[in-house]
Amino acid sequence: MALIDLSKKEIHCKIVYYGPGRCGKTTNLLTVHSSMADNARGKMLTIETKGDRTLFFDLLPLNLGTIRGFNIRIQLYTVPGQVMYAATRKLVLKGADGLVFVADPLQVRRERNIESLEDLRTNLLEYGLKLEEIPLVIQYNKRDLVDTPIPTLTVAELDADLNSAYKVKTFEASAVTGLGVFETLREISKQTVRYVTNKHLLHETK
Amino acid sequence: MTDKAPERDFHAEIDDAIDNLFAPHAGAGQNKPAAAPPDKPADQASAAPVKAPPLPASLLSADGTDAFSPFEEALLSLDWEISASNIEKARSALAEIHGNFEVDKAVALTEIFALMDRLLEAMAIAPQSVSTSAPKTLQEGLQTLRAAAGAEDISLIEQTLIDPTLSELRSAIPNIPKDYSKLLGQAPPSKTQAASGTDQKKTDAVKVAPASSATPVPSEFAEEGLLPELPGASSRRPATALIEAVNAHITVLGKCIAKRIVPLENLFAKTPGYEKLHAIHTELRERMERQKLNLIKALDADYQADAAAPVESAAWQSAKPAVSTAAGCPWRIVVLAAWGGKTVGFLPEQIVYENKPAGQVRKCAPFLPMKKLKRGIFGKIGFVVQGELRSLDEATLKTLTIPVASPQGMAGCVPKADSPLLIVFKANSGMAFWLDEPTERLDTTANGCRWEPVVDASTLVAGNLMVNGKTIPVLAMRSI
């Protein structure tokens, strides 16, 4: 649920990057953070273990500027992908207005992608949301590995596994190089802000 | 969603704002090098191709894949989910790699293999205590193994690769409390089944640990956490240090049984209302004795019965059945006495009192308060006792109460009016005996006696002396 403060004329939209462990969710956010101008980004909060894995979540607030007098902020979150953090993942998902599902193209993680998407669907249902109803884009990350000997899935295979039911927009990306990161973010931001404003703001301002 | 004109305008404004915000960055990375995150290595870095040196034929299969691939795949699975099956897969793949290594390199890399296996074992036993970076650490270990496999001279990568990897692996292995051994196969099934989802998963993971162990060692070894992967996979023989450690552990176990468990067990056995505690201690003692015997069996010829044990402990060390053959007597002097109509032996160093006590001592009581041994109003207990009790202060001696032994098959009040009293005491446990007659000393060397230890450690009989065709049971406190 977006946070709308009519007195301050602020709208906060929550976009969650979801996906299996080590698929590159945090790297997406780091890339966004490092590329954005200071005036458009807030402080990036990362709670980590002593290793390099996201234990809880990353929060990156982005300022879209003022639209019709409303200051629109987008907050990007990631969830811990590891199965053992199911509770945390579910908690971060609460109140999400938009979702980016980051898929891992490694052959050996094919099942993990499917399981993670199913996990996402299940968790949303527990919050009374259907995956079909909430803005969603799918990012096929790590495309830079396609040209290496590491066995990877083709886009068609990923589509068949993950997007045959939802038919949402997909983006090929390489979070480490920045390829496709902003295209993904731009699309989900548009969808999410529209979703939020349609749902809340337009009704209020009519 | 309706698509009326004001809304269209509004949406257009949103799109413009978002485009303006992100457009300058869109397409990043297509024409320019990586905008790598500043603070930490890329998430996918570990998955990037590694230019590995050529591998020896033993580590390559017919289809060109190397022996590391299954382990790498297992690690990727572990990275996603720490589960029993994933851990089992990884451990067997690691054992496979170890088996295929050239012998000299396998020996040189033994510690890395052992630590990696221990880390996997720790993940199985207590996944919550393992850092989430453990799969990455294992990945680094794998890269080191790969580099070592292709290296012509392993010493060249010792400082640059092997040492840092060992350090990483060591720091990644969590310090799991000893209590985890209880989880290994000893948890009642009902509790396991009743566990919640997460707990169930952990328990499953725990269950796999002993089964998936690549080394065929007795479960007790794994249970005590004594054995990592044993060095020298080909011979499968424990290292000398390990043998010493296990021998020392057996000794400590024996002492623990004798000094801590049995006195309490005996005390509870004789104290009304403490039946439950007695049963608990009996079970505990039996389990510890089973474990001790299993360790002895596992060590086989490497078992050193008296390696770390005190000299006088031979009686109880010899309780192990495997070595219960008759031998020379471990003591030069044994005190013989008639007790309950039989001749029994005592160890002189355990005797702390041997006399006819004053009249106020109740001879039929199950316990003997030491303060009753005091002679006269101003007498002190310390004056009448010897041996270990002599070092105790008077206040402590006054509080001591010693259980009185009853001869087997004889109940009720046995001692006569002038029966001598003999008390044996060792390491906080003692026993009083009302003898039929005063004691005499037997020189075992002069009489050519033979000694046969008794297997059953639950009795006071440490073993039997065979002198001139006569068998004399020797009664000794277990605490020796």
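This note goes through a few local features of a predicted model.

1. In this predicted model, local features need pLDDT of at least 70, side-chain atom pairs count only at pLDDT 80 or more, and totals for chains, interfaces and linings use all residues. Residues are numbered from 1 along each chain as its sequence is written, chains are lettered from A in the order in which they are written, and side-chain values use heavy atoms, without hydrogens and water.

2. The largest nonpolar core has 38 residues; such a core is a set of buried Ala, Val, Leu, Ile, Met, Phe, Trp, Tyr and Cys residues joined through side-chain atoms within 4.5 Å. Buried means under 20% relative accessible area, exposed over 50%, and partly exposed in between (1.4 Å probe, protein chains only). Among the members touching the most others are B:F71, B:F101 and B:L109. At least two residues each come from α2 (69–80), α3 (84–100), α5 (110–125), α6 (134–150) and α7 (158–172) of chain B, and α5(B) gives the largest share, 9 residues. Helices are DSSP runs (H or I, at least four residues), as are strands (E, at least two), numbered from the N terminus.

3. A second, separate core of 37 residues includes A:L60, A:I74, A:V181 and B:I14.

4. A:K142 sits in the loop between β7 (136–140) and α4 (155–163) of chain A. This lysine, A:K142, is buried, at 2% relative accessible area. A polar atom of the A:K142 side chain lies 2.7 Å from the backbone oxygen of A:R22.

5. B:Y274 is in the loop between α12 (240–269) and α13 (275–299) of chain B. With 37% relative accessibility, B:Y274 is partly exposed.

Technical notes: Polar contact = N/O pair within 3.5 Å; in protein donor to acceptor, adjacent residues only side chain to side chain.
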